[in-house]
Amino acid sequence: MKEFHRSYFTTVLFLLIFLIQSSYVHGQSAIDTSGLDMKTKRSGLDSTVTYTSRDSTVFSLKKRTLLLKGDAEITLKKQKLNAESIEVDFNESIVKAQGKKDSMQRKIGYPQFNDNGEEFTGETILFNLETRKGTITFGESKADEGGFYYGSKVKKSSDNTLFIENGCYTTCTKPHPHFYFGASKMKVVTDDRVFLDNISFVVEDVPIITLPIGVYVPNKSGRTSGLLFNIPYVSTVDGIVAQNLGYFWAISDYVDAQFTADLFSKTGYLLRNVWRYAVQDKVNGNVSIEFGNRRIDAQSEYVNSWRLTGAHQQTLNPQSRITASFNVATSSYINRYASTLNERLTQSLFSNAGYSSSFDNGTTLGIDIASTQNIVTKEYSVNPNITYNIPTFFPLKGSISSNSWMSDIGVSYFVRGAFSHNSVRSISANDPGNPLLKDTVFSTRNTSVIRHNPSISISPKFGYFSITPSISYSENWYFRSLTRTMNPTDSSIIESTETSVSPLRETQFQASLGIGTRLFGLIKPRIFGINAFRHTFSPTISLSYVPEYSAQSSDNIKVYRDLRQNRDIEYSRFELDGGRSAMKGSTFINFGLSNRFEAKIQQQDSADKNIDLLQLDISGSYAVSLDSMRWSAITMAFRTPSIGSFNVNGNAGFTLYDEEANQFGTMTPINALLIERGKGPARLTYASINISTQLASGSMSFDNNDTDSNVQENWAAAADRFSVRTIAERDDVDYFGERGIGGGPLQFPWSASTSVTYYYGEPIKGMISRRFDARADIDIRVTSTWNIRSSCSYDFINSMLVAPSISLIKDLDCWELSANWYPTGFNQGFIIRFAAKASQLRDLQLIKRTLPAYR
């Protein structure tokens, strides 16, 4: 943009005299830019005024006025004005902007004024560049938190104050808003509040509610203090219910608080206090305290309930952070205030706090404490832990050739110190003479252990085979040991413990070796557009070994004599702290057979397309160390990734052993293979299959729409929103279809997802269970504003519907009407909701419901 400074003032004068003599400066193309430094005492301006126009620029030296026409724009400091016509009086520092009528007698080029981020639009704008005051005829301004302010006349008296005559506020984006809050007089103080006199709530130009008093509401961006209100509703059990009534307190930029109450006219109340804090992205958290006094119904007794919850997150540095959360409550709180089924079924509450840090070498350190509270049994546990982890590193890499398999040997290490404090409930006889009289006793149990888990991993390849050896070693440190004996007098168990300062070691070792390869089969039929079939066969076999852990192989396993059963009982001397139980050694051979079938389909003008047809996996194991029934169950899983729009997957299990009735007449497996008895290779124990699909139609089209209406909508979309709003008359709607172009195809967009599942189970011969059900979810868009949604499941075995629901949703542009109906089940009932879409008006709603949780 060209700008003429004071040093060129003489040249500019001669140029302007020449232009004035020519009356106007015309041009077929836009005049790019022109400017004038008006630092004179007479104008009072102390900044450069820059301007542009498309059609003409007229400057009068004598009158000191400037007239711009055609997409005119003028800028001063942080103020910017756009309009079809702008007139500037430099003597008085006055700017007047307005639009003009086009060939269709519609006004275009309405003034748009931006004053340091504040945007105003109107029919005529009159503004003083020096005092920054002005008036706007039939004005409009955007609100900070969304929506618009309108007024027949808007007066800007200072940098942050507007006076609006016949003003209104709305969040509707239509040129003619469907609803608004109107007032005969409004005063808007930016980032402070809005004063309204004779406020009305108007829908489709019809006043619904009018308050003949003056009120004010906050008008601050971000968080602001103020009252919280929600529309009450009527419940059969609770009476009149008013929820979330209270006050929000914006204490500072870092802390706020919320005090709310839920009031139930028949059954009680709930008080809630929530505190939140946040400091940039370093610290944030919240604390919630709730207390209530409520009864289940009008005939029950009142019970006090409370809950304390909170969370905290703090970043100490890029590598360290602290996190915490807690949730403590009484069982009566869950029973009386939980509104969903999952909340009502809650039995345990969890809390935790932790510190984590990572170091430049990749190692990590963690310190945490976790707590669990059972609100039913009153039991609880507190578990502090400290962990340190060294990620996998390759100690030989760089020391030997990179081609050697030894360079891929990886080593990692993990250590964890854990302590647990538990309060455990037990039931004991209070009176030996009356065994039916029981008493609840709580006892304390503490455990501690340090667990070490080093690991070595390697995956060498030899030719076409991949070998995966694994060696696992773990070591646990305890600080007390248990001695257990039996009292020969009454056969009671006598336990004694002995503590130790130095750690008592418990070790565990296991190893495995896996071998795998991949085989390919290829057929090229080149028929029906199929160029090739490929079968990928990936067999794997592994050997795993776990040594025996018993009194014969380890001093950590002790033995005491059970005099009642007359046999020796093995136990771990670290049993109180979670030590390993005695076990026999085991050796397993595991196998897996993975099959993948693919097809290559010929395409007309591109490369062949690969399609996955079937994935089939079979697995099982053989226990070498067992003396009977060494074969495990054989499992099979399959899926078909691509069969049109359908997905099919399933699994099955087979047993290789026969069954016979025991002494109680129950069928039990025996050590005899079915194939040895001529009953086939295996028997099916379970099988399931699932078929699902997702279908959808194309986009909606109404070919029989009214032509005039389409033209009007297209023009409205292209025209300026404010220009459309200034049209006095509404759209001429063709209610009776007299101007229609006739019928045409009518399409409704829809989507549906369905699934069918069948399960057959026979773990023991003759003990059969079946499940056969289907589920469907449907969404139909009846018109551009009406949606119907439905979901349900059907149990074919019991011939019954499961959890059906039907929803009807009406899009009312800036409002939404929804109706949800649940015909059967736990939530049988309906809920109807009519509410504004805008988040700042989320409490503007009407709700009618009969759901059980709200009755």
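How many salt bridges does the count come to? The count comes to 27, where a salt bridge is a side-chain nitrogen of Lys or Arg within 4 Å of a carboxyl oxygen of Asp or Glu.

Two notes on the source. This is a predicted model, in which local features need pLDDT of at least 70 and side-chain atom pairs count only at pLDDT 80 or more, while totals for chains, interfaces and linings use all residues. Residues are numbered from 1 along each chain as its sequence is written, and side-chain values use heavy atoms, with hydrogens and water left out.

Now some individual pairs. Arginine 276 forms a salt bridge with aspartate 256, at 2.9 Å from N to O. This pair links distant parts of the chain, 20 residues apart: arginine 276 is in strand E22 (residues 268-279) and aspartate 256 in strand E21 (residues 255-264). Strands here are DSSP runs of type E with at least two residues, numbered from the N terminus. Aspartate 256 is buried at 5% relative accessible area, and arginine 276 is partly exposed at 41%. For the cut-offs, buried is under 20% relative accessible area, exposed is over 50%, and partly exposed lies in between, with a 1.4 Å probe and protein chains only.

Next, arginine 307 and glutamate 290 meet in a salt bridge at 3.1 Å, N to O. Here strand E24 (residues 303-317) supplies arginine 307 and strand E23 (residues 283-294) supplies glutamate 290, 17 residues apart. Glutamate 290 is buried, at 4%, and arginine 307 is partly exposed, at 24%.

Arginine 54 and aspartate 55 also pair, at 3.1 Å from N to O. Both belong to a network of salt bridges that links Arg54, Asp55, Asp71, Glu84 and Lys100.

On to serine 348, which is in strand E26 (residues 348-358) and is partly exposed at 28%. What does serine 348 contact, leaving aside neighbours within four places in sequence? The contacts are Thr372, Gln373 and Asn374, with contact meaning heavy atoms within 4.5 Å. Its C-alpha is also 6.0 Å from that of isoleucine 375, 27 residues away in sequence.

Last, the cysteines. A search of the whole structure finds zero disulfides, a disulfide being a pair of cysteine sulfur atoms within 2.5 Å. Cysteine 172 is buried at 0% relative accessibility, and cysteine 814 is buried at 7%.

Note on methods:
Helices (H or I, at least four residues) and strands (E, at least two) are DSSP runs, numbered from the N terminus.
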